Amino acid sequence: MEFTITSDYKPDGDQPRAIKELTRGYDKYPAQTLLGVTGSGKTFTIANLIQNVQKPTLVLAHNKTLAGQLYSEFKDFFPDNKVCYFISYYDYYQPESYLPSTDTYIEKETMINEKIDQMRMEAIAALVTRPDVIVVASVSCIYSLGSPIDFRKSVLRFTVGMRITRNDFTKQLVDLLYQRNDMDLAPARFRVRGDTIDIIQAFGGDAYRFEFFGDEIEAISICDLVTFDVREEVQEINIYPAKPFIAPEEKRKDAIASIREELREQLPKLGLLEAHRLEQRTQYDLEMIEQIGYCKGVENYSRHFDGRKPGEQAYCLIDFFEHNPFSKDFLMVIDESHVSVPQVRGMYFGDYSRKKNLVDFGFRLPSAFDNRPLKFAEFEKYMKHTVFVSATPGQYEADNGKQIVEQIVRPTGLIDPPIFIRPITGQMEDLKNEIYAVLERKERVLVTTLTKRSAEELAEYLVHQDIRARYLHSEIDTLDRAQLIKELRLGYFDVIVGINLLREGLDIPEVSLVAILDADKEGFLRNATSLIQTIGRAARNVHAKVIMYADRETDSMKAAIRETDRRRIIQLAYNKKHGITPTTIIKKLNEDIVPSDELVYTGELFPKKISELEAEMQEAVERLDFEKAITLREKIKNLQEKHVEETKKKKKRAKK
């Protein structure tokens with residue numbers, strides 16, 4: 001099972017040299033930097049590096065939008081290998097916390113996306129069973145996860161002819177945290193019908209049917225997930241744990257004893273109220289663990305299950321790479337490293353400060369501190385074969401990347417876009433006219449603002465000007481963001497207005513205009529690095545240009561323009577030498593990562609969308625297609641509910 005690229009493209013421009021140098025540096029340097037301009041095919045370069053070194057690979061992205069895009073690209077490059085997706089599975093996450101000043105306890109509240117949860121489990125299972133694995137992950141991969149050793153030991157292998165009673169078989173499934181449900185079979189569940197047991201793995205996919213004859217497995221079949229028709233009979237099958245936090249029974253007993261010992265040590269250190277609170281909660285959790293193997297918030301006791309000492313780092317996804325049975329080392333790629341590296345560095349301190357109040361006031365045992373993300377020094381220990389990837393590497397990459405490989409020339413011959421500075425006065429009229437010119441070419445536009453409110457208001461203003469516009473910011477659900485970008489490329493609308501989400505990783509070759517509002521407002525979103533990244537969003541289209549609306553030229557603007565001009569000189573010289581005429585990137589439109597619900601429509605887009613769906617529903621009724629009519633009715637209802645929620649959020653922000 002070797003990594004093999006499937007692509008119509010061949011390395012071109014600066015790619016052949018970059019691939020050669022990075023491959024040569026894999027064993028030579030613990031860290032390298034790929035300084036690749038936007039649109040130069042950095043992902044394809046990394047794909048070729050993976051094919052050359054033949055190592056399991058972790059691709060770390062700093063946000064879910066970028067991770068989703070990289071996941072789709074690597075799946076296209078490696079259709080015969082295992083490409084997995086590992087991001088936070090929370091659609092909504094309110095962490096457990098305590099505010100002493102107001103004596104307010106906030107219970108942990110989450111909304112888990114089941115599909116993403118299954119994809120996480122699929123990644124974990126792949127890492128313990130095969131060598132040709134690429135996992136595209138967000139920084140959630142540095143958070144506490146179960147032990148890879150225990151997970152691998154817990155995998156059950158069943159074979160035809162194996163002697164085991166039906167009751168013992170189901171008991172083993174329960175030990176793996178599968179739930180019995182004879183009415184509604186779903187991932188991580190099983191059902192029993194006479195001498196037949198049906199199972200769906202925790203990561204979904206196929207269903208498995210086990211048929212018993214007495215105390216023996218007579219047949220194992222792979223079945224269709226919907227109809228349960230037998231597709232294939234097999235001789236053996238692996239069943240993986242339903243959750244990453246899995247512990248053998250003997251470890252569970254040791255963990256319970258260890259938790260009780262910590263409780264005894266901690267109670268005398270607290271006041272009467274805090275001690276009573278801690279004892280009640282911990283005893284309840286222990287009863288749940290004894291009875292069903294886990295409890296709500298079981299991850300806070302992970303140190304006891306893993307047998308770790310206080311302060312010792314927890315296992316995380318990267319440890320599954322370290323314990324891959326087929327490879328002693330792995331490749332780590334840190335994409336957009338100028339953002340990802342600082343993000344990883346700051347994770348531990350934020351987690352610690354929140355938990356300190358919980359521990360001090362008796363809501364959690366001190367061992368809760370050990371359910372944490374990695375400290376940065378701990379993360380650095382995994383960086384044995386690392387490639388930083390960025391168009392604007394930071395100081396850390398400059399200090400630690402022992403080899404810097406530049407990838408300035410694009411295979412398409414495209415040069416960095418020209419930059420125009422225009423005054424803020426009259427910017428709306430100017431922007432509107434520029435958008436109209438782009439739409440005549442049937443191309444797309446990105447506009448970046450500084451606040452969520454201004455993004456929403458500008459999107460609504462453009463809609464009033466008969467321009468199909470939408471906004472994109474951090475409150476848009478993870479999977480909806482990917483769907484939003486897909487709809488832009490498909491031409492369902494023409495303009496996205498956003499904030500910093502427009503900077504890194506949005507690979508949209510249809511975009512030929514990037515407009516930067518308030519370009520002269522110095523700060524995080526308008527420093528030289530951010531401006532260069534934003535300019536890069538227009539570097540995949542031959543008609544591209546960038547407009548900065550500003551009343552003065554800041555040092556950051558000057559630096560960004562100077563670096564862009566340097567790259568243009570190199571690119572133009574290469575094109576002239578090789579007789580290359582630049583062409584717009586033609587990029588295949590990938591399928592959705594996962595199914596997505598209808599997005600939130602605002603302003604005049606909302607009644608228009610509702611009217612379209614109602615007309616479609618009425619047509620379905622007239623054709624007597626009542627099933628489709630019901631589906632459309634539910635879609636309208638869902639859209640209206642989302643619209644109400646979004647309107648409430650906007651009102652809250654307006655009050656603030």
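Buried means under 20% relative accessible area. The views below come from a predicted model.

**View 1. Cysteines Cys84 and Cys295 are buried.** Cys295 has a relative accessibility of 4%, so this residue counts as buried. Cys84, at 1% relative accessibility, counts as buried too.

**View 2. The structure has 0 disulfides.** A disulfide is a covalent bond between the sulfur atoms of two cysteines. A search of the whole structure finds 0 of them. Cys84 is in no disulfide, and the nearest cysteine sulfur belongs to Cys141, 13 Å away.

**View 3. Helices α17 and α18 pack against each other.** Two packed helices are described by the angle between their axes and the distance between the axes. Here α17 covers residues 528-536 and α18 covers residues 555-578. The angle is about 45° and the axes are 8 Å apart. At that angle, α17 is oblique to α18. The crossing of α17 past α18 is right-handed.

**View 4. Residues of α17 and α18 form the contact.** From α17 come Ala528, Leu531, Ile532 and Ile535. The α18 side consists of Ser556, Met557, Ala559, Ala560, Glu563, Thr564 and Arg567. Sorted by class, the contact of α17 with α18 holds 7 nonpolar, 2 polar and 2 charged residues.

**View 5. Leu267 sits in the loop between α7 and α8.** Helix α7 spans 249-266 and helix α8 spans 272-292. Not counting residues up to four places away in sequence, Leu267 touches Ala275, Leu278 and Glu279. Leu267 and Leu365 are 98 residues apart in sequence, while their C-alpha atoms are 9.4 Å apart in space.

Key. Residues numbered from 1 in each chain as written. Predicted model: local features only at pLDDT ≥ 70, side-chain atom pairs only at ≥ 80, totals over all residues. Heavy atoms only, no water. Disulfide = S-S within 2.5 Å. Buried < 20%, exposed > 50% of the residue type's maximum accessible area, 1.4 Å probe, protein only. Axes fitted to C-alpha atoms, helices over the stretch in contact; angles between N-to-C directions. Helix = DSSP H or I, 4+ residues; strand = E, 2+ residues; numbered from the N terminus. Parallel < 35°, antiparallel > 145°, perpendicular 65-115°, else oblique. Left-handed = near helix turned anticlockwise from the far one by under 90°. Contact = heavy atoms within 4.5 Å. Nonpolar A, V, L, I, M, F, W, Y, C, P; charged D, E, K, R; others polar.
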